[in-house]
Amino acid sequence: MEDKRIGVYICWCGTNIAKTVDVEKVAEEMTGQEHVVISKSYQYMCSDPGQEMIVNDIKEHQLNRIVIAACSPRIHELTFRKMMEKAGLNPYLLEMANIREQVSWVHSDREFATQKAIELVKGAIQKVQFHEALDKRYVNVNEATLVVGGGIAGMTAALNIADAGKQVFLIEQSDLLGGQAAFIDSLFPNMEHASDMIRERIKQIEEHSKIEVFLNTKIEKISGFIGNFETTLNHGIDRKLEFGNIVLATGMKSFIPDDIEEYSYGKLPDVITSVEFEKMLLKGQIKKQNGSEPNHIAIIHCVGSRNKDYHEYCSRTCCSTALKYIHQISTLMPEASIYDIYADMRSFGKGCEELYTSAAKNNVVFLMFDQKNDLPVVRENKGKEAQLIIEFNEKLSGEDVRVPADMVILMVAMEAQEDAKSTSQIFGISVDKNKFYMEKHPKLDPVATTTDGIYVVGGCQSPKGVIDSISQARAATARILASIAQKTVEIEVTTATVTEEICCGCQTCISVCPYSAISFLEDKSVSHVNEVLCKGCGTCASACPTGAIHSKHFSDFQILSQIHGVLSKN
Amino acid sequence: MTFEPKIISFLCNWCSYTGADLAGSSRLKYAHNIRIIRVMCSGRVEPTFVLEAFKKGADGILICGCHPGDCHYHEGNHKCQRRYTLLQKYIQQMGIDESRLKLEWISASEGKQFAELVNEFTESIQQLGPASYHKKLSFA
């Protein structure tokens, strides 16, 4: 058996870890541990000099196992695996101890935090001793892509991939392409007509030889894994589709404000949502219920957004949309007075601050309200020319104000689709607390999901406008086209295998495998794992009564040793 | 001196470990006693792991997986739950209070819930006092 030579590296992460954990003490404590040849701390292990230091140590001290105590392995395990390869070591001879997300960021007592870090690193040292070199596995990538959702994000993704000459299956639940943007008149900040853009894309898609569109279609089940997914569409005749990657662009929907009593939506005439106002703009007619033109239009921001009773998040697009309305109203009805009643003006992004500055030049009064404590109240103002009155405390002046209006536009929040949760379950991805699809990492991997080969773009990932949706769609398709260009993709190596000598042939493993990856070899009377189908959950290993199933990288030995290390007294 | 229990926690990689990471990146403070061991799926948590941890001196064990229906591997969490039910009965026979072993579902977005769960569980173990199982018997 090879001589185990372990290098232990404790990251400061600047002050992120070092402020709460005595990193030098942790490094010192590890020096005496069995098989540990070298133990160091350093400011940023993930930096080039940090990695170089480790690579040099590996060469100089013939290290063959590495423990890095730093951030979550979900952030930098891949970085350090690549570093292992650079140093000529198998990437799986690495173990990370999470002393940032699990220690320094969640505890304040330096002594307890340091002790916890020491124990976690000991666990990692014990575990890594039993790590084995694992060979990378590759599968061929099916060149076709499934795009779910025919809105602006989905259409952009479909065209991007198809223009590169690769097949796209575009699935749309409704009977037409276009999504939400099809119901928008013009787009901030430059006021181009949304319909022009949508119509152009629909035409391109319909004429594209590489795009097959399925309207009125819902995906009910997906099987397979990155490179090799499949689904069967039920359209009278079953149609089986095979594809290597998936783009989810299922969009968002608008909040319906009937629960917010203050606004009397649905109770008083001419209190309408931004969605309803947009439809008026599309028709080119801003009309009250009685058919006349309004003279005093009030716009109320953050309806259902940034409010703990509805949605705590900011819906991102409403402030700029409201400013767009001010421009459009001023153009269509120069005489109308406009009141913009906002909580905070968030007209961020290229060209949008300018939209705010120029809106202020119109016939508009900006009034601020306190979103937390004091929502404006819309009441009837009987017998007056403006039949509505809005009462609230204006935050900047501190004065109670009464704003007359004959039309009130509620800038409603954007929220996750009703079926977001069940769709996420069909595709095996996660949703966040607001039911938007969760990205793999908000900064490092913003359009991928934790399921390889599945990407999320547009409003289904978080509320966003056309510009951001298109950017995300293009980002995801770049990732997909790269994987198609590679022709193969690396897949999970941490699969299960059967040690035939000790398999008793009970077939318990076969009954628990969710992927039907295990079969029974009649001639030998033992189970056999098909490693292409296996995804490495390890459920079979836990169920195996004889310990014949070996779950790579999470073996019994490795986990038990880690438990020993974490609970060891010295 | 207050009793500082040793708590071992098995978290599935996809939901619960990510939820714990979220508690970290949101800088939510929770009791320091917990030591997390990552497994790919809660279905990987073998009864042996739990028993070994008690044997080596753990005072409490917290297993977390994805919510039912959300398992990255379809139904590993259901397998975990079935084992857990049996395991709770089994540990009682060994003289270990069943409430020293807990199974909860934590999704990737439930950082706050994770922090609260850790605090509640730690407190409940503190009230129970040290587990004496590993002291009562000696193991070869």
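The sheet I want to begin with is an open one of 3 strands, in the order β20-β21-β22 of chain A, and its pairing is antiparallel, where strands are DSSP runs of E of at least two residues, numbered from the N terminus, and two of them pair if DSSP finds at least two bridges between them. Its edge strands, each pairing on one side only, are β20 (377-380) and β22 (400-405) of chain A, and neighbouring strands are turned by 25° against each other on average, direction ignored. Between β20(A) and β21 (residues 388-393) of chain A there are 4 bridges in the antiparallel sense, and A:Arg379 stands opposite A:Ile389 in β21(A).

Before I go on, please keep in mind that this is a predicted model, in which local features need pLDDT of at least 70 and side-chain atom pairs count only at pLDDT 80 or more, while totals for chains, interfaces and linings use all residues. Residues are numbered from 1 along each chain as its sequence is written, and chains are lettered from A and ligands numbered from 1 in the order in which they are written.

Turning to the loop between α5 (110-128) and β5 (137-140) of chain A, we find A:Glu132 there. From C-alpha to C-alpha, A:Glu132 and A:Leu355 are 59 Å apart in space, and 223 residues apart in sequence.

Conventions. Axes are lines fitted to C-alpha atoms, for helices over the stretch in contact, and angles run from 0 to 180 degrees between N-to-C directions.
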